[in-house]
Amino acid sequence: MKIGRRSFLSFVIGGAAGTAITPLPWKLMDDSSIWSQNWPWTPVPPDGEYSQSNSVCTLCPGGCGITVRKVDDRVVKIEGMKGHPVNDGGLCLMGLSGLQLLYGPTRVKTPLKRVGKRGEGKWEKISWDEAISEVAKKLADIRSNGGSHTVGSIVDSENGTVPNLFKRFLTTYGSPNFMTMPSIQDSYAMTLQVMQGVSAQVGFDAENADFILSFGSGIIDGWGSPVRMFKANSAWKANGKKVVQIEPRLSNTAAKSDKWIPINPGTEAALALGLANVIITNSLDSKKISQSSGFDSFKKLVQNEYGTEKVSKITGINSATIVSLAKNFARASKPLAICGKGQGSIPGSLNEFMAVHALNALVGNINKEGGVWAVTDTKYINWPKPEMDSIAENGIQKERIDGAGSEYPHTKSLLNRLAEVINSGDGSLEALFVSGANPLYSMPDSKAIKNAFDNIPFIVSFSSYMDETASNADLILPNHVYLERYEDVPTPAGLSKPIVGLTRPVVKPQFNTKHVGDVVMLIAKALGGGIADAFPWESYEACLKETLGVKWDILVEKGFEFNGDKCILEGDFNFYPDAMKSLSDFSSVSIEGSAISYPLILIPYDTIRLANGYIGDPPFAIKAVEDTVLKGKNSCVEINPKTGKELGLTEGRYASLLTPRGKAKVRVHLYEGIMPGIVALPRGLGHTAYDKYLAGKGCNFNELIGSTEDPVSGLDEAWGIRARLTKV
Amino acid sequence: MSTQDDKAKEVSADGVAGPIILFFILGLAASLVFGWIIFPKLLYSQKKQPIDFNHVLHVEAVEEGCESCHFFREDGSFSGIPKLAQCVDCHEDAQGEDPNEVKFVEEYVANGREVPWLVYARQPDCVFFSHAAHVKKAEMDCGTCHGHIGESEHSRVYEENRITGYSRDIWGKNISGLKKHTWERMKMDDCAECHTTKEIKTDVETLPWPINWLPRPYEKQTGNKARVKTVKEACFVCHK
């Protein structure tokens with residue numbers, strides 16, 4: 001028998017025929033299709049018992065209610081809480097991505113002590129006992145050497161129990177240097193102070209307004225309480241209310257408004273006063289308000305100095321538009337003017353805030369439905385006054401390092417001045433606590449801040465994440481993230497109804513972290529004496545429970561509670577406070593740099609997809625950023641095609657962006673929606689810390705800009721900086 | 001004329017036809033042996049459960065049968081295989097001397113660690129299955145799908161499909177895909193056996209006149225049983 005090619009083929013055919021009548025091909029086909037559904041990168045929810053808990057999101061000052069869905073002990077989804085007065089079921093991109101901040105790679109898992117050089121990233125894991133005794137020892141040394149006033153703290157806001165624990169700690173320790181991260185809330189609070197004589201937070205009854213005049217506020221780009229503003233904006237659209245957006249760039253908010261009016265940046269105050277002039281001249285103002293003090297001087301000011309023609313020249317908006325805008329605004333039944341650019345992280349010029357507030361007063365919408373409210377929380381933090389020893393008494397009498405309360409008597413905190421004071425040698429800090437804030441990234445002029453921090457010998461970060469400030473600290477005492485801890489959430493930014501919310505643990509702490517409130521108390525106890533006595537509570541939770549009193553049960557059940565009614569504060573309205581006198585000779589808010597060396601103007605812009613405060617973009621969110629904002633590893637700058645042509649820059653080209661403060665490599669995006677001569681750069685990129693998903697992407701706007709002090713408030717008013725853009 | 005060629009053909013045919021058929025049969029036989037016997041052995045790996053579990057012993061000890069451990073939660077979802085917390089209710093300490101129980105208490109209860117049970121009936125994640133609908137509403141017996149598991153004294157070997165990672169119970173022990181009992185296979189076709197054919201009789205009330213927007217004209221469902229026969233666009237009932 002000869003075995004040849006034919007035999008072989010016959011064997012193969014026989015094999016094939018046989019295989020067809022075995023289950024093999026059919027089973028493999030079935031299995032491979034199932035296999036293709038089970039690739040390891042396909043996210044699969046875990047199986048187990050489902051449950052839901054209500055809490056409050058604290059990723060921004062928005063204070064949205066959240067409903068957290070869990071499977072057994074694992075959080076699988078965060079949704080907006082239905083029926084919550086802030087967001088009623090809605091949630092933003094950051095809020096939805098909160099899971100990644102809980103389980104993501106950027107968390108600090110245990111107390112860390114620096115072993116290498118600062119910022120080198122070399123850490124030693126230490127126990128909580130060691131960490132607390134180290135801080136206490138350091139603070140005891142500083143105090144015994146008479147330097148109690150050289151200890152400072154930077155926290156996210158001044159409201160709520162955690163900031164107040166820091167404040168109480170510093171007070172009993174003997175330091176006045178309790179500093180907070182700046183925002184437009186500061187400027188608004190000061191405006192209410194000088195024009196209405198009230199110490200309150202501003203609230204807008206946005207939902208009930210029917211004509212919204214926004215001076216660059218990013219209504220749908222994260223201004224105020226973001227989800228609440230999205231909802232208000234949708235309601236305006238649905239009910240035919242008008243939104244007019246005034247800003248030099250066609251932002252998302254401008255694109256969705258009924259009318260976008262481009263304006264020369266920095267001249268918003270002039271426009272507001274120009275509008276006031278048209279309203280007064282045409283007798284469209286609320287008659288009641290003209291009885292207010294200073295009205296005649298104000299009238300004289302706008303009529304003499306802010307004639308339509310002149311304002312048109314200053315702002316670049318034609319006269320007819322100014323007149324019709326003023327008339328439409330004044331004739332609306334519930335007009336509302338708002339200001340604070342973008343997400344409102346830069347406090348801005350007080351003149352602008354006063355001018356816009358005067359505009360609201362002119363149309364009679366102060367403390368009215370659809371108008372501006374002065375909101376004061378019903379104070380729920382009523383801790384007994386602490387006993388102070390002589391060191392504490394002396395310490396708090398010392399001048400603050402940032403000049404707030406002395407050079408600028410009405411301002412509470414001026415973090416923007418800290419870097420300069422330290423770098424010029426006018427003041428120094430021996431120790432600094434940073435909690436809920438990332439000043440090394442989010443304060444203007446990062447380089448100067450970094451230098452100043454280099455001059456502070458002892459920095460303690462309480463961050464849950466390895467952010468820029470934490471990675472430059474000496475000691476990190478990681479806080480629980482918001483899904484693991486209790487905390488009260490006072491009235492969110494811009495809300496006209498005072499409420500208090502409760503953030504509460506929905507999962508057990510995932511790592512060896514501790515609540516920052518507990519840590520502050522432990523440090524106080526380790527220091528002993530009057531400092532320890534000022535914190536009689538067993539734990540932060542006990543302190544919070546006692547502080548909230550009867551509200552506690554309601555908050556645990558419902559998640560929020562109205563904290564008093566809308567506060568009607570009928571302070572006499574003063575149209576022409578002293579602070580406004582500088583407006584008699586208008587000059588636009590000045591920016592740094594000479595027009596000759598730096599022919600262009602750089603402005604920042606915000607988008608809801610980029611977080612630029614304490615929290616950096618989680619991986620989900622950074623993926624949502626368009627490639628006209630971040631392309632590859634580079635931020636894109638927006639310039640008008642005309643500007644592009646003059647500079648010989650085409651779409652997608654690499655360019656070098658130079659300002660008096662710094663330099664960055666960027667890519668060019670030609671955009672019709674920006675005024676010629678202006679360059680716009682997104683905020684929220686250019687992180688050097690956090691994780692590989694965020695670090696090294698784009699450039700940080702704050703490295704390119706400095707801080708400019710407002711002459712009245714001392715707060716940062718820099719809306720931009722001069723810049724040069726050259727081909728690379 | 002062409003005799004030589006014909007001869008040559010004949011010769012070759014005589015000499016080759018035999019081996020061709022033989023090799024065809026060999027190939028056929030080899031593939032059949034491979035496909036029916038060797039392939040299933042290669043496809044499935046054999047795994048042992050972490051603890052050898054005796055259902056008989058437990059069913060005798062508990063009061064409410066299967067539902068004592070495999071119960072419905074308050075929200076109607078099904079608990080499936082019990083979590084450690086439920087076992088601990090009785091087994092905080094070893095109750096007997098069975099080495100399996102001792103191992104369970106020492107390794108899992110003492111360390112608070114969940115037992116990594118291998119689930120014979122786990123379906124792919126694209127399948128949405130409600131125990132409540134079948135057990136509560138349709139009053140089906142556990143055994144219809146799960147067989148006589150409650151009568152087992154030992155945990156049987158878990159055979160894991162090396163390609164899909166699922167248990168052999170889904171396709172069925174018989175590699176041909178045939179079955180004798182309802183619980184021997186858990187593929188979609190097996191679900192469909194009921195869902196395409198069975199019309200569960202529901203209590204209906206005949207309406208006095210035709211109302212054409214009701215699902216079944218002239219009839220209104222009054223009982224709490226739902227139709228199980230799937231209709232067009234019913235895919236998403238199970239495939240969410």
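Predicted model: local features only at pLDDT ≥ 70, side-chain atom pairs only at ≥ 80, totals over all residues.
The buried residues here are Ala131(A), Ile132(A), Glu134(A), Val135(A), Leu139(A), Ile142(A) and Arg143(A). These residues cover an arc of only 165° around the axis, which puts them on the same side of α5(A). Charged side chains turn up in this buried set too, with Glu134(A) and Arg143(A) both in it. Looking at the face turned away from the buried side, one finds the exposed residues Asp129(A), Lys137(A) and Ser144(A). Just past the end of α5(A) comes Gly146(A), which takes a positive phi of about 75°.

Chain A also holds an open sheet of 3 strands, in the order β1-β2-β3 and with antiparallel pairing. At its edges sit β1 (50-56) and β3 (74-80), and each of these pairs on one side only. Neighbouring strands in this sheet are turned by 25° against each other on average, direction ignored. Between β2(A), residues 65-71, and β3(A), the antiparallel pairing runs over 6 bridges. Within that pairing, Val71(A) stands opposite Arg74(A) of β3(A).

A second open sheet in chain A is built from 7 strands, and here the pairing is mixed. The strand order reads β5-β4-β16-β15-β14-β6-β7. The edges belong to β5 (123-125) and β7 (178-180); each has a single partner strand, so one side of each is left without a neighbour in the sheet. For β7(A), one parallel pairing is with β6(A), residues 151-155, over 3 bridges. Ser153(A) has Phe178(A) in β7(A) as its bridge partner. As for what holds such arrangements together, strands of a sheet pair through backbone hydrogen bonds, either parallel or antiparallel.

Further along chain A, Ser590(A) lies in the loop between β20 (560-562) and β21 (600-605). Is this residue buried or exposed? Ser590(A) is exposed, because 10 other C-beta atoms lie within 10 Å, and the cut-off for exposed is 12 or fewer.

Turning to chain B, its secondary structure comes to 9 helices and 4 strands. Read from the N terminus, the elements go α-β-α-α-α-α-α-β-α-α-β-β-α. Of the 240 residues in chain B, buried ones make up 9%. Among contacts in chain B with a separation of 6 or more, 61% are between residues 24 or more positions apart.

Finally, there is the contact between the chains, which takes 31 residues from chain B and 27 residues from chain A. On the chain B side, the largest share comes from helix α1(B), residues 3-43, with 17 residues. By class, the side of chain B that touches chain A has 17 nonpolar, 11 polar and 3 charged residues.

Notes
Residues numbered from 1 in each chain as written. Chains lettered and ligands numbered in written order. Buried ≥ 20, exposed ≤ 12 C-beta atoms within 10 Å, placed from the backbone. Helix = DSSP H or I, 4+ residues; strand = E, 2+ residues; numbered from the N terminus. Arc of directions from axis to C-beta. Pairing = 2+ DSSP bridges. Axes fitted to C-alpha atoms, helices over the stretch in contact; angles between N-to-C directions. Contact = placed C-beta atoms within 7 Å.
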